[in-house]
Amino acid sequence: MANYSSHKRAQIIQNLQQELDLLVIGGGITGAGISLDATKRGMNTGLIEMQDFAAGTSSRSTKLVHGGLRYLKQFEIGLVAEVGKERAIVYENGPHVTTPEWMMLPFYKGGTFGPLSTNLGLRVYDFLAGVKKQERREMFQPKKALQKEPLLQSEALKGAGYYVEYKTDDARLTIEVLKKSVELGTDALNYVKATEFLYDEHGRICGVVAEDQVSKQSFEIRAKKVINATGPWVDEMREQDGSKQGKTLQLTKGVHLVFSQDVFPLHQAIYFDTPDKRMIFAIPRGDKTYVGTTDTTYESDISHPTVTREDRDYLLHAINDMFPSLSLTIHHIDSSWAGVRPLISEEGKDPSEISRKDEIFVSNSGLISMAGGKLTGYRKMAEEAVDKVVAILQDEAGILFEKSSTMHLPISGGNVGGSKGFMTYQEEQIAVGEGLGMARQDAEQLVQQYGSNVEVIFDLYSKHKQEAEKENIEPIVLATLIYAIEYEFAYTPLDYFVRRTGEMFFDIGKVETQKDDVIAYMAKAFEWTSEEKAHYENELMEAYKEAKLMNI
Ligand code: FAD
């Protein structure tokens, strides 16, 4: 029986102490993808994450599974082709966490893209990325562009390109990949930090000392190979290993702002020029619109990037420039987040110009580090990383493993009959939810959020409905909270509100109304002391204030 439950921490820690073939450090999308690929090939794999899964960059992106049209400008043809093709695979294997979204790219006199370059660029993009016929680009005259999005700046508008991207929930994508990996046999645990490397008598890495961040107890994990998939922390780990040489990371920060549709009623996703000639996205999502991102050099605390006044004002200025009828101010901001990109340094280049390509470094001690890359390309990156491990293990120890086989492997929640079957599955499950007494909209949201795992949610909903009434907690909140704890490793209220439901960003009102119930339930479930309860409550409220930009 796979262990996804936060009540099984002790058991998972015990399992991690049996010698592994591969230990993955880092539970972002890179580490989750690697562990899935490795376990699927038959490797005895463990994964540790020092915070919550996806709490690093993998919950702080623009939340697009995209082909990287922007990189065409930098002539990164290979990258565009690969990422574009991967996009289709990610969609097929998890249609519940990836939704097609038509994007409009307006062009103006003097802008980054003109009608000719846009037309050509999108045509090349369709070709390179192998875009499906029904999703190929269109070109609009100004009138049609304004029909699609009346909020758009009309002055000097010369037309628009129209093409498909995919929206995702980055944290949920990471967790679904990880859950699949655990289902197949990976031992994974959050709130466990690699504090030290262990070396054998030849100076080769053979494991780590790990510290459970909950109990503060340390233990050793032994593994034939160790992968450093720590995103922005990759260089810190390389430094600990004494192998931070050659190429290093350059961290840049990106910020997003969220608005209610009441004040920013955007109908159509737009990819547009900022006054300083960068490009950013404005994307409708439910009853919100979010905008980002900035791209600035970052040298502060990696675990805790925050939005500054300059970031906030920069985005507000860009929004009001492109959507002049809005006149948005700081008072209209509903929520926000900031993330750090782990890019591979390139001398003399501006942050926006640095390649997003991934790379693998192998140190003399045998530490394998994977850096750079994108959410979108996670599966291919994982394949490359595990290919490397397989080659080394074969070379060093004559051990053989299979080829990667994740291309047609649905992630957790993805058993919905592929992208084609998802609509039918959705309708069937909405009917089940309605049959249980849920509003159609709630049932629909649950199917979209949990895919085929919604069946477990519905089951929990039925079983705990009476308890919810007795405890005066909303039954859907209780079902999703129990699911988060028992099936998705959630351990703190922040895990639930940020990375299991995304409500901190896209439904922040719910954090206000549900927080007491959620904290009380978790305190009981995990038998927190009053100090522990106060600590987690405080952590949640600090994050809430930060998202609301109350601290700047
Ligand atoms: P992370 O998600 O940061 O994971 C690394 C993990 O390692 C962290 O969770 C950390 O806690 C853990 N860790 C560190 N040290 C230790 C230790 N000692 N022990 C245990 N664990 C440790 N990509 C896209 O495809 N589409 C987009 O729209 C997009 N937009 C972006 C927008 C922004 C603003 C940013 C910043 C990035 C964006 N990206 C996008 C890129 C994408 O988000 C990242 O490439 C990806 O999330 C990196 O994942 P990762 O797993 O390598 O790093």
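## A salt bridge at Lys548

Lys548 and Asp334 form a salt bridge, with their closest N and O atoms 3.9 Å apart; the term stands for a side-chain nitrogen of Lys or Arg within 4 Å of a carboxyl oxygen of Asp or Glu. The pair links distant parts of the chain, 214 residues apart: Lys548 lies in the segment after helix H17 (530–547), and Asp334 lies in strand E16 (residues 333–344). Helices (H or I, at least four residues) and strands (E, at least two) are DSSP runs, numbered from the N terminus.

Asp334 is buried, with a relative accessible area of 15%, while Lys548 counts as partly exposed at 23%. Buried means under 20% relative accessible area, exposed over 50%, and partly exposed in between (1.4 Å probe, protein chains only).

## About the model

This is a predicted model, in which local features need pLDDT of at least 70 and side-chain atom pairs count only at pLDDT 80 or more, while totals for chains, interfaces and linings use all residues. Residues are numbered from 1 along each chain as its sequence is written, and side-chain values use heavy atoms, with hydrogens and water left out.

## Other salt bridges

The whole structure holds 36 salt bridges. One of them joins Asp21 to Lys224, with 2.9 Å between the closest N and O atoms. Asp21 sits in strand E1 (residues 20–25) and Lys224 in strand E10 (residues 218–228), 203 residues apart. Asp21 is buried at 11% relative accessible area, whereas Lys224 is partly exposed at 33%.

Lys510 and Asp507 also meet through their side chains in a salt bridge (3.7 Å, N to O). Here Lys510 is partly exposed, at 25%, and Asp507 is partly exposed, at 28%.

## Domains 1 and 3

The domain assignment gives domain 1 (2–57 + 171–243 + 355–397), domain 2 (99–165 + 250–345) and domain 3 (418–547); such bounds come from an automatic or database assignment. Taken over C-alpha atoms, the centres of domain 1 and domain 3 are 28 Å apart. Their contact (heavy atoms within 4.5 Å) takes 23 residues from domain 1 and 17 residues from domain 3.

About 1,600 Å² is buried between domain 1 and domain 3, and carbon and sulfur atoms give 54% of this area. Buried area is the accessible area (1.4 Å probe) that two parts lose on being put together, summed over both. On the domain 1 side, Tyr4, His7 and Arg172 lose the most area to domain 3, together 33% of what that side buries.

Four salt bridges are counted between domain 1 and domain 3.

## Nonpolar cores

The largest nonpolar core has 66 residues, and Leu446 and Met504 have the most contacts inside it. A core of this kind is a set of buried Ala, Val, Leu, Ile, Met, Phe, Trp, Tyr and Cys residues joined through side-chain atoms within 4.5 Å. Helix H13 (residues 475–487) supplies the largest share, nine residues. The core lies between domain 2 and domain 3 because both give residues to it.

Leaving out residues up to four places away in sequence, Leu446 touches Met438, Gly451, Val454, Ile457, Phe458, Ile476 and Thr480. A second, separate core has 61 residues, including Tyr4, Met43, Val65 and Ala229.
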